[in-house]
Amino acid sequence: MSLYCGIAFKRKLFWCYRLLSTYVTKTRYLFELKEDDDACKKPQQTGAFYLFHGLAPLLQTSAHQYLAPQHSLFELERLLGKFGQDAQRIEDSVLIGCSEQQEAWFALDLGLDNSSSISASLPKPEMETELKGSFIELRKALFQLSAKDASLLSTAQALLRWHDAHQFCSRSGQPTKKNLAGSKRVCPSNNIIYYPQVAPVVITLVSDGTRCLLARQSSFPKGMYSALAGFCDIGESVEETVRREVAEEVGLEVESLQYCASQHWPFPNSSLMIAYHATVKPGQTEIQVNLRELETAAWFSHHEVATALKRKGPYTQQQNGTLPFWLPPKLAISHQLIKEWVEKQTSSSLPA
Ligand SMILES: NC(=O)C1=CN([C@@H]2O[C@H](COP(=O)(O)OP(=O)(O)OC[C@H]3O[C@@H](n4cnc5c(N)ncnc54)[C@H](O)[C@@H]3O)[C@@H](O)[C@H]2O)C=CC1
Ligand SMILES: [Mg+2]
């Protein structure tokens with residue numbers, strides 16, 4: 001390429017980038033970091049780190065919220081040095097996103113043992129003192145985080161858990177090697193590439209036109225009801241899963257379906273929750289609860305659900321010793337699904 005052509009090409013590239021939105025630029029930047037180990041090296045030097053211990057994120061308390069502090073590479077190296085650890089451990093970190101200004105964000109678990117042997121679990125209480133925070137189970141903290149931190153930490157935990165559980169090739173039994181960003185692992189002996197797994201799960205709010213069906217599993221917190229959920233079986237479409245799960249769990253046949261939204265859910269592993277509204281055939285509303293799956297299920301009126309949505313915890317026992325029925329918190333997709341149903345019922349009952 002001549003010097004003139006070279007300059008013209010660079011100018012064109014510059015204008016191409018100028019024309020792209022911040023979102024597109026950010027997405028392409030992250031794509032490059034995931035695909036190219038060399039491209040990921042520098043961002044790891046200048047980026048910010050979220051710390052975990054045994055899959056529990058480091059959090060600090062502020063008012064009634066938890067905050068997820070970030071640490072620079074310098075702070076992290078100092079910390080590792082203090083605990084007699086080699087800075088090479090930082091290579092165990094995984095890329096979880098970046099800021100609008102393209103500062104890359106990584107997550108690192110200091111409490112997991114790694115097959116590469118340089119990484120041993122570091123003492124939790126001493127680290128908490130040093131870091132002026134606590135490693136708190138994500139399940140306990142999720143609903144007291146901002147939406148941004150909740151999403152980042154859920155992604156980070158899911159990715160860290162997947163790497164921890166996939167250190168060996170299931171074909172050769174040899175250790176697998178993570179790429180720098182942590183978007184995949186490769187078995188050096190046979191080049192099999194492993195990618196992080198996500199389990200698709202449907203969540204369905206069944207309605208008979210005026211009421212909606214909510215259920216409880218025995219593992220739910222006392223008093224909490226939610227929409228019906230279930231993992232997709234291999235070979236199924238999500239619509240087929242909705243039909244099967246509703247039939248399996250409450251013995252009803254779904255007539256129509258309407259997609260609502262989706263959400264990554266980190267528990268118990270990494271699920272993609274796909275939310276639907278469904279209606280049952282008129283007159284076919286008799287529930288037959290599958291007690292192997294659910295503790296109970298019932299129809300609730302618009303008024304009952306709208307009242308429950310407004311209820312705020314902590315929930316105290318009523319005079320008859322039971323808890324008032326309550327719904328999953330805002331961050332859970334089931335809340336969004338139920339709220340949308342209440343709003344639709346409200347608007348359809350308004351005079352035209
Ligand atoms: N974000 C939200 O608003 C909500 C999320 N959920 C999530 O949905 C998930 C699925 O709901 P369930 O009623 O428990 O599912 P389910 O009705 O399919 O029953 C769970 C059973 O499915 C089997 N199973 C099949 N594939 C599985 C897989 N990949 N991983 C684990 N188990 C598998 C197991 O035997 C397990 O005991 C739950 O893990 C829960 O965390 C549930 C309700 C609300
Ligand atoms: Mg279920």
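What percentage of the 352 residues in the chain do buried residues make up? The figure is 28%. The legends below refer to a predicted model.

**Figure 1. Overall view of the predicted chain.** The chain contains 10 helices and 16 strands. Along the principal axes, its C-alpha atoms fill a box of roughly 75 × 55 × 45 Å. Among contacts with a separation of 6 or more, 63% join residues 24 or more positions apart. The domain assignment divides the chain into domain 1 (13-194) and domain 2 (199-312 + 323-349). Taken over C-alpha atoms, the centres of domain 1 and domain 2 are separated by 33 Å.

**Figure 2. The contact between domain 1 and domain 2.** Here 12 residues of domain 1 are in contact with 7 residues of domain 2. On the side of domain 1 that touches domain 2, the elements giving two or more residues are helix 6 (138-141) and helix 7 (147-165). Helix 7 supplies the largest share of this side, with 8 residues. Sorted by class, the side of domain 1 that touches domain 2 has 7 nonpolar, 3 polar and 2 charged residues.

**Figure 3. The largest nonpolar core and a second core.** In soluble globular proteins, nonpolar side chains tend to be buried together. The largest nonpolar core of this model has 36 residues, of which Phe 52, Val 94, Phe 106, Ala 107 and Ala 156 touch the most other members. Two or more residues of this core come from each of helix 2 (22-35), strand 1 (48-53), strand 2 (56-62), strand 5 (94-98), strand 6 (104-109), helix 6 and helix 7. A second, separate core has 30 residues, including Ile 203, Val 206, Ile 274 and Ala 275. Returning to the largest core, Phe 52 is one of the residues that touch the most other members. When residues up to four places away in sequence are not counted, Phe 52 touches Pro 57, Leu 58, Ala 107, Leu 108, Asp 109, Gly 111, Phe 135, Ala 156, Gln 157 and Leu 160.

**Figure 4. Helix 8 and the strands that cover its buried residues.** Helix 8 comprises the 13 residues 238-250. From its first C-alpha to its last, helix 8 reaches 18 Å, close to the 18 Å expected at 1.5 Å a residue. Its buried residues are Thr 241, Val 242, Arg 243, Glu 245, Val 246, Glu 249 and Val 250. Covering these buried residues are, among others, strand 11, strand 12 (211-216), strand 13, strand 14 (254-265), strand 15 and strand 16 (296-301). Just after helix 8, Gly 251 takes a positive phi of about 70°.

**Figure 5. Leu 145 in the loop between helix 6 and helix 7.** Leu 145 counts as buried because it has 21 C-beta neighbours inside 10 Å, and the cut-off for a buried residue is 20 or more. With neighbours within four places in sequence left aside, Leu 145 is in contact with Gln 65, Tyr 66, Ala 68, Ala 150 and Leu 153. Leu 294 lies 149 residues from Leu 145 along the chain, and the C-alpha atoms of these two residues are separated by 29 Å.

Figure 6. The peptide bond from Phe 267 to Pro 268 is cis, and its omega is near -10°. Although Ala 63 is not a glycine, its phi is positive, at about 50°. Ala 63 counts as exposed because it has 7 C-beta neighbours inside 10 Å, where the cut-off for an exposed residue is 12 or fewer. With 8 other C-beta atoms within 10 Å, Asn 191 is exposed.

Notes. Residues numbered from 1 in each chain as written. Chains lettered and ligands numbered in written order. Predicted model: local features only at pLDDT ≥ 70, side-chain atom pairs only at ≥ 80, totals over all residues. Domains from an automatic or database assignment. Contact = placed C-beta atoms within 7 Å. Helix = DSSP H or I, 4+ residues; strand = E, 2+ residues; numbered from the N terminus. Nonpolar A, V, L, I, M, F, W, Y, C, P; charged D, E, K, R; others polar. Core = buried A, V, L, I, M, F, W, Y, C linked by C-beta atoms within 7 Å. Expected span 1.5 Å × (residues − 1).
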